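Hello,

Here is the structure I promised to pass on to you. Please have a look at it first, and then read my notes below.

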Amino acid sequence: MKKFDVRTHLFALIIATIFWIVFSSNLEIHLFTVLCALYLCVAGYKKATLKFILTYLIMELLALATAPLLGIMYIVISTFARAVPLMMIAAPILYENPSRMMGSFQRIHIPKTILVMICILLRFFPVIQKEMVSIFNGVRARGIFPNWKSIIRHPFMAYECFFVPLTVRCLKLSSELGASAELRGLDSSNPRSCIYDIRYTYMDGLLLVGLFIGCLAILLGVK
């Protein structure tokens, strides 16, 4: 499948955000979600598309269920549900290879400090997720909390056993990622080379035009 340019997804996110601000009715948001799911599917992330759709449906059902009972909860859940379409557009950027991303974004003159920060964050979150799982498995292996009821009985102990090692591990990971970035020459003032083929094609243009036309059709059609 064609690998779309990272800049295409960035411009698509800008277009989607502008229309997302304009959309007001629930029908517009629903149609916009379908359009964003189609965009993510065309971009080559079908499994992620299903996860986002299920998340959106579950949050919408929870919002409808809590509306008669607690209005403020309905507002909170609905707000998060409305953000799911934008997450779909941003997902290809987050899933992108950091080296390819830096090579692409530097061509539109994004400051290097911002690029380094984004790439380190993209590397940090997947690693920290694995660290959280390791800490949780270590706690279970030591038999500190044999079941979920013991966590409820001793919440402060659970906090200490989980978040204290997580904080220490985060500090160590930040140091390791900083050293790795420096060794890879991210702070070099020379132009960065890239082994990937970074260029626009007509497919990138068609993807952006299709997204813009789809958003405009939703806005004009519903009105």
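A word on terms before the notes: helices (H or I, at least four residues) and strands (E, at least two) are DSSP runs, numbered from the N terminus. With that in hand, the elements of the protein chain read α-α-α-α-α-α-α-α-α from the N terminus on. That makes nine helices and zero strands. Please keep in mind that this is a predicted model.

On the chain as a whole, 35% of its 223 residues count as buried. Its accessible surface comes to about 14000 Å², and carbon and sulfur atoms hold 71% of that. Among contacts with a separation of 6 or more, 77% are between residues 24 or more positions apart.

Helix α1 covers residues 6-22 and helix α4 covers residues 71-94; their axes come within 8 Å and cross at roughly 165 degrees. Angles over 145 degrees count as roughly antiparallel, and α1 and α4 are therefore roughly antiparallel to each other. The crossing of α1 past α4 is left-handed.

Which residues meet there? On the α1 side they include Leu-10, Leu-13 and Trp-20, and on the α4 side Leu-86, Ile-89 and Ile-93 are among them. By type, the residues of this contact divide into eleven nonpolar, two polar and one charged.

Finally, look at Ile-14, which also lies in helix α1. Is Ile-14 buried, exposed or partly exposed? Its relative accessibility is 45%, so Ile-14 counts as partly exposed.

Best wishes

Conventions: Residues numbered from 1 in each chain as written. Predicted model: local features only at pLDDT ≥ 70, side-chain atom pairs only at ≥ 80, totals over all residues. Heavy atoms only, no water. Axes fitted to C-alpha atoms, helices over the stretch in contact; angles between N-to-C directions. Parallel < 35°, antiparallel > 145°, perpendicular 65-115°, else oblique. Left-handed = near helix turned anticlockwise from the far one by under 90°. Contact = heavy atoms within 4.5 Å. Nonpolar A, V, L, I, M, F, W, Y, C, P; charged D, E, K, R; others polar. Buried < 20%, exposed > 50% of the residue type's maximum accessible area, 1.4 Å probe, protein only. Areas by Shrake-Rupley, 256 points an atom, 1.4 Å probe, with all protein chains shown as cover.
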